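Let's walk through this structure together, one contact at a time. Keep the model open beside the text and follow along.

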Amino acid sequence: TTYSGYVTTCDNTKATITYDLNGGEYESDDCVSQTVTKGQPFNLCSNTPTKEGYTFVGWTDGVNTYDAGASTSVTDNTTFYAKWTAKTITITWNQNYTGCPEPIEMQYVYDSDENTMPEEPVREGYQFVGWFTGLTDGIEITEIGEENRPTDNVTYYAHWNELYSVTFMASGQVYVVQEDKYLSGANLELPADPSPANYACD
């Protein structure tokens with residue numbers, strides 16, 4: 001086609017390959033697009049993108065899925081999308097005291113909302129406080145799901161408060177024993193007054 005003395009040509013032998021990371025990312029602007037020859041083999045982007053909580057499966061054109069760097073060909077402009085599969089994460093629940101039962105391992109799929117926590121553990125003489133990210137401190141974990149989605153295998157630890165027993169005496173004799181009832185600094189619940197007939201002074 002001629003315009004004002006210039007001749008322009010359109011190269012119909014070339015196709016543009018575009019890469020859609022589908023929620024993933026690169027550390028740099030790798031593999032945004034490339035120009036290839038229609039019908040001729042070329043290599044897809046060999047760099048692997050990342051996505052939190054997911055594993056990269058390959059590049060898909062909506063029909064076929066190819067490994068990163070695989071050879072293929074196209075007949076027109078084509079977009080290849082990153083294909084992802086959700087990770088299966090192992091969470092270890094450690095009851096966190098000497099002689100405690102073996103830690104419980106539970107698995108969950110990163111993008112699933114149907115995840116459960118173990119039943120509250122029981123320890124004689126202690127009150128269960130909750131599950132935490134650290135042995136003695138850290139963030140409390142109250143659910144696995146929308147607000148807390150580990151992206152890699154992780155261990156959570158039970159925290160405990162010691163309970164104290166109180167013994168009430170009357171005239172030198174044991175009147176009432178309240179076992180494992182009170183936290184440190186708690187107010188006592190006084191028992192009913194003893195009957196003088198049962199606890200007479202010598």
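Asp152 forms a salt bridge with Lys87, and their closest N and O atoms are 3.4 Å apart. A salt bridge here is a side-chain nitrogen of Lys or Arg within 4 Å of a carboxyl oxygen of Asp or Glu. Asp152 sits in the loop between strand S13 (140-141) and strand S14 (154-162), while Lys87 sits in the loop between S9 and strand S10 (88-94), so the pair ties together parts that are 65 residues apart in sequence. Asp152 is partly exposed at 46% relative accessibility, and Lys87 is partly exposed at 26%. For these labels, buried means under 20% relative accessible area, exposed over 50%, and partly exposed in between (1.4 Å probe, protein chains only). A search of the whole structure finds 1 salt bridge.

A word on what you are looking at: this is a predicted model, in which local features need pLDDT of at least 70 and side-chain atom pairs count only at pLDDT 80 or more, while totals for chains, interfaces and linings use all residues. Residues are numbered from 1 along each chain as its sequence is written, and side-chain values use heavy atoms, with hydrogens and water left out.

Now step back to the whole chain. Its secondary structure comes to 0 helices and 16 strands; helices (H or I, at least four residues) and strands (E, at least two) are DSSP runs, numbered from the N terminus. Of the 202 residues, 31% count as buried.

Next, the sheet. An open sheet is formed by 5 strands in the order S4-S3-S9-S6-S7, with mixed pairing. Strand S4 (33-37) and strand S7 (65-66) stand at the edges with a single partner strand each, so one side of each has no neighbour in the sheet. Two strands pair if DSSP finds at least two bridges between them. Strand S3 (residues 14-20) and strand S9 (residues 78-86) pair in the parallel sense over 4 bridges, and Ile17 stands opposite Thr78 in S9.

Phe42 lies in strand S5 (residues 42-43) and is buried, with a relative accessible area of 8%. Leaving aside residues up to four places away in sequence, Phe42 touches several residues, including Ile17, Tyr19, Val74 and Phe80; contact means heavy atoms within 4.5 Å.

Finally, turn to the rings. The whole structure holds 11 aromatic pairs. Rings of Phe, Tyr and Trp (its six-membered ring) pair if their centres lie within 6.5 Å, and planes under 30 degrees apart count as stacked, over 60 as edge-to-face and the rest as tilted. The ring centres of Phe56 and Trp59 are 5.4 Å apart with planes at 70°, so this pair is edge-to-face. Both Phe56 and Trp59 are buried. Phe128 and Trp160 also form an edge-to-face pair, at 5.5 Å centre to centre and 65° between the planes. That pair links distant parts of the chain, with Phe128 in strand S12 and Trp160 in strand S14, 32 residues apart. Tyr19, Phe56, Trp59, Tyr66, Phe80 and Trp84 form one aromatic cluster.
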